[in-house]
Amino acid sequence: MWGSARSLRRSVGWIAQVLLVFVPGWAEAREDRMVRTPAEYEQALDRSRPGDRIVLANGEWRDFQVLFNAEGEDGRPITLTAQTPGAVILTGQSNLRMAGRHLVVSNLVFRDGWSPTGEVVSFRQNRQNRAVNSRVTGIVIDGFSKPDRSESDNWVAMYGFGNRFDHSHLIGKTNAGTTLVVVRDEEQGLENRHLIDHNWFGPRPPLGSNGGETLRIGTSHDSESSSFTTVTANWFERTNGEVEIISNKSGQNTYRGNVFFEAEGALTLRHGDGAVVEDNVFIGNGRPNTGGIRVINRNNTVRNNYMEGLRGEGFASALTILYGVPNSPLNRYVQVQNAVIENNTLVDVAEVALGEGMDTERSAPPIDSRFARNLIVNRDGSDPVRMTGDLGGIAFEGNVVSAHATILPGAESRTVALSRGRGGLMVPQGVDGIGARRDLAFVGRNAVGVSWYPKDAERAALDSGQTIAVAAEEDALTLAARTAAPGDRLVLAAGDHVVNAVLAVETPLTVEGPSDGEARILFSRPTLFEIGRHGSLKLANLSISGAEAPDAAGNAVVRAGSDAFGYRLELSGVRVSDLTVNRAFDLIAAEPGSLASRIVLSAVTAEGLTGSVLRASAETRDLGTYNAEVVEVTGSTFRRIAGPAIDLYRGGTDESTFGPRLTVSGTTFQGVGQGGAVPAAIRLIGVQRAELTANRFTESGPVRFERRVGAPVLIWRDNQADADPFLFSNVEAQ
Ligand code: CA
């Protein structure tokens, strides 16, 4: 055998390392070809025969657009892999396309860049050449997102048929487009029979618009045909892109034994019939918007699933059965027919929404359906079931609800004792045959994804770095901010800090005043802090004056740039004054394209602003996008503010997202938002939830709250106002 290897090496004049590996039971040897450059890769690809492997040498492969087109054989695939798992990193403008049959790709990492095309890993070369009977396993795609959040791509696109995508990490997609998609068309055959298993779909932040699905199979166009794709034993962990974690848009797919962990949204049977959703585990841990399964269409089975601690409501309820559209077009909502929902266990969930979404368009109730032997236990004795419309088409049989009284027809209402079983899930006592299988277990977090890449590498947190003292000298803060490491805390000495540059915040940064005395920042540029792509900012115990800012319209103390995404902004014990040099001088201004995950103002005093305290109203294209997911204001004082102190906008009728959400409590508004064409102390347009508690409004404009989509909630409690406190366009206060 070794002789033949040497002669082969001579005969091809091959310069790279060639190893001959004898595999017992195989009639022929296979070759491993180690390659160190894209050119060597091309040569190796040309020479590869069934059973061979191309091995990328360890190191960074920058701007490497890999085309892997080859023909393996059943049982003798051609493999592209890494010298060492985790040590081959594709960066910059890189991607991978596959075409042919019996191909395997494994152990590659995509990081520190983005794909220049519409896909990172594609099971096709082009429309004509696709991969079939092929496998991608042990791939990591980590933060490989296009920098412009609105520019869409798919990280993994499965074409062809008989393909498998497994044991991979997909983490931190921040731009639009699905994390993994099955693309279907008649030319390639619509029966895909793909297998998607043992992947770790890691955290994905809210996109702030439609197009943030983690997994989608098909489109509405071909949804009446069957894909026969199986999705099993995957984790979906904090996959919070939008209301559809999974968007099922084809027939006869199976979702079995997956774990949804603290994931906002729901597994949505959006289009297509005959799905089986069984043995899945949903753990919400009380996090907002964590949902379960949403049922639309015909012949779907939802069986033996377990849900605990889900707080989602409406479209993101633990279980949702939707109203349909009569004679629905393909892209709307087919009436629920012949749904079987049985033996599911729901523990401490916020809502089970039956007949959800009924409106003038969605007017067709569910029919010929069964809701049987489900167990619904809320340990606080509440009944999460909410029923809307005509549910006579659902046969309710043998359900148990642990409420003092339940509205579920025919359900037994009783207290059910629970204990944590060996598999970690709650097991009920004394209700045999009701709820999920008692031995239901879930796939471990260690059993999904790859073992050689961390699952917990989050970006640096605020205050996780060093503490650095900053003297009260002109531009000392400028230098400190420019040289700060991620998570550093800059502690200012008492006195005046003059800043003559825009401080770019590209990583988490804290700036705080001394424990004794007061630090005051004055700035001479139009912006003091500008938050960038990976920035977050915390300001504490200091004073900021706008008196030295240039005489221009639209100045801001903190500006979120158009690429600021998923950032946190916290102001605590901050006094802001003299933002008056020209008009529209804001404390915080969000540029179009930016999205805050959380903005928190506590004990902030803002006096004398010609703009707003928070202006997050730049997304005026009415596409359902917005600039702040969660805003919390507590114990603050806003005086002599020309614009609305808080100005949040989300336009359009898209139903894919949960924000913006606002809470304001214990805050004084005095002389706020009286002028302008539309006076408002607070202006909330398209905000999904606003909770205003124990605030005082004097000599101020009203609170404006306008519905644009969904069922927004305004809670108005214990507030005082010396004039008409609020205006609604088309919602009722609760
Ligand atoms: Ca969607």
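Me: Contact here means heavy atoms within 4.5 Å. With that in hand, which residues does Asn289 touch, leaving out those up to four places away in sequence?

Reply: A word first: this is a predicted model. In it, Asn289 touches Ala263, Glu264, Gly265, Arg311, Gly312, Ala316, Phe658 and Arg661, not counting residues up to four places away in sequence. Each of these pairs counts as a contact because it has heavy atoms within 4.5 Å. Asn289 itself sits in the loop between strand 29 (281–283) and strand 30 (290–295).

Me: Is Asn289 buried or exposed, and what makes it so?

Reply: Its relative accessible area is 14%. Buried means under 20%, so Asn289 is buried.

Me: How do you know whether Phe165 is buried or exposed?

Reply: The relative accessibility of Phe165 is 0%, which is under 20%, so Phe165 counts as buried. This residue is found in strand 16 (residues 164–166). Its contacts, not counting residues up to four places away in sequence, are Phe123, Val136, Val156, Met158, Leu170, Leu180, Leu195, Ile196, Asp197 and Asn199. Phe165 and Val231 are 66 residues apart in sequence, while their C-alpha atoms are 9.8 Å apart in space.

Me: What makes the protein atoms around the calcium ion donors?

Reply: For Ca, a donor is an N, O or S atom within 3.2 Å of the metal. The protein donors are Asn210 (OD1), Glu213 (OE), Glu242 (OE), Glu242 (OE) and Glu244 (OE), and they lie 2.2 to 2.6 Å from the ion. Along the chain, the donors follow the spacing N-x2-E-x28-E-x1-E.

Me: Why are Glu242 and Glu244 called buried?

Reply: Glu242 has 2% relative accessibility and so counts as buried. Glu244, at 7%, counts as buried too. Both values are set against a cut-off of under 20%.

Me: What makes the peptide bond from Gly659 to Pro660 cis or trans?

Reply: Omega is near -10°, and the bond is cis. Pro660 is placed in the loop between strand 61 (646–649) and strand 62 (661–665).

Me: How do you know which part of helix 2 its buried residues line?

Reply: The buried residues of helix 2 (residues 38–47) are Glu40, Tyr41, Ala44 and Leu45. Seen down the helix axis, they fall within an arc of 140°, so they line one face of the helix. They pack against strand 2 (30–35), strand 3 (53–56), strand 5 (65–71) and strand 6 (78–82).

Me: What makes Tyr41 stand out in the largest nonpolar core?

Reply: Such a core joins buried nonpolar residues through side-chain atoms within 4.5 Å. Of the 81 residues in the largest one, Tyr41, Phe68, Ile141 and Val156 touch the most other members. Strand 15 (residues 154–158) gives the most to this core, with four residues. Tyr41 touches Val35, Ile54, Leu56, Phe64, Val66, Leu67, Phe68 and Leu80, not counting residues up to four places away in sequence. A second, separate core has 70 residues, including Val505, Ala549, Val576 and Val604.

Me: Why is a space in the protein called a cavity, and how many of 30 Å³ or more are found?

Reply: A space is called a cavity because a 1.4 Å probe fits there but cannot get out. A search of the whole structure finds four cavities of 30 Å³ or more. The largest holds about 80 Å³ of space, and its lining includes Tyr306, Thr345, Leu425 and Arg437. Strand 44 provides the largest share of that lining, three residues.

Key
Residues numbered from 1 in each chain as written. Heavy atoms only, no water. Buried < 20%, exposed > 50% of the residue type's maximum accessible area, 1.4 Å probe, protein only. Helix = DSSP H or I, 4+ residues; strand = E, 2+ residues; numbered from the N terminus. Arc of directions from axis to C-beta. Donors = N, O, S within 2.8 Å, 3.2 Å for Na, K, Ca; no water. 1 Å grid on protein atoms, 1.4 Å probe; cavity = no way out; pocket = protein on both sides within 12 Å on 5 of 7 lines; lining within 4 Å. Points joined across faces, edges and corners; volume = space filled by probe spheres on them.
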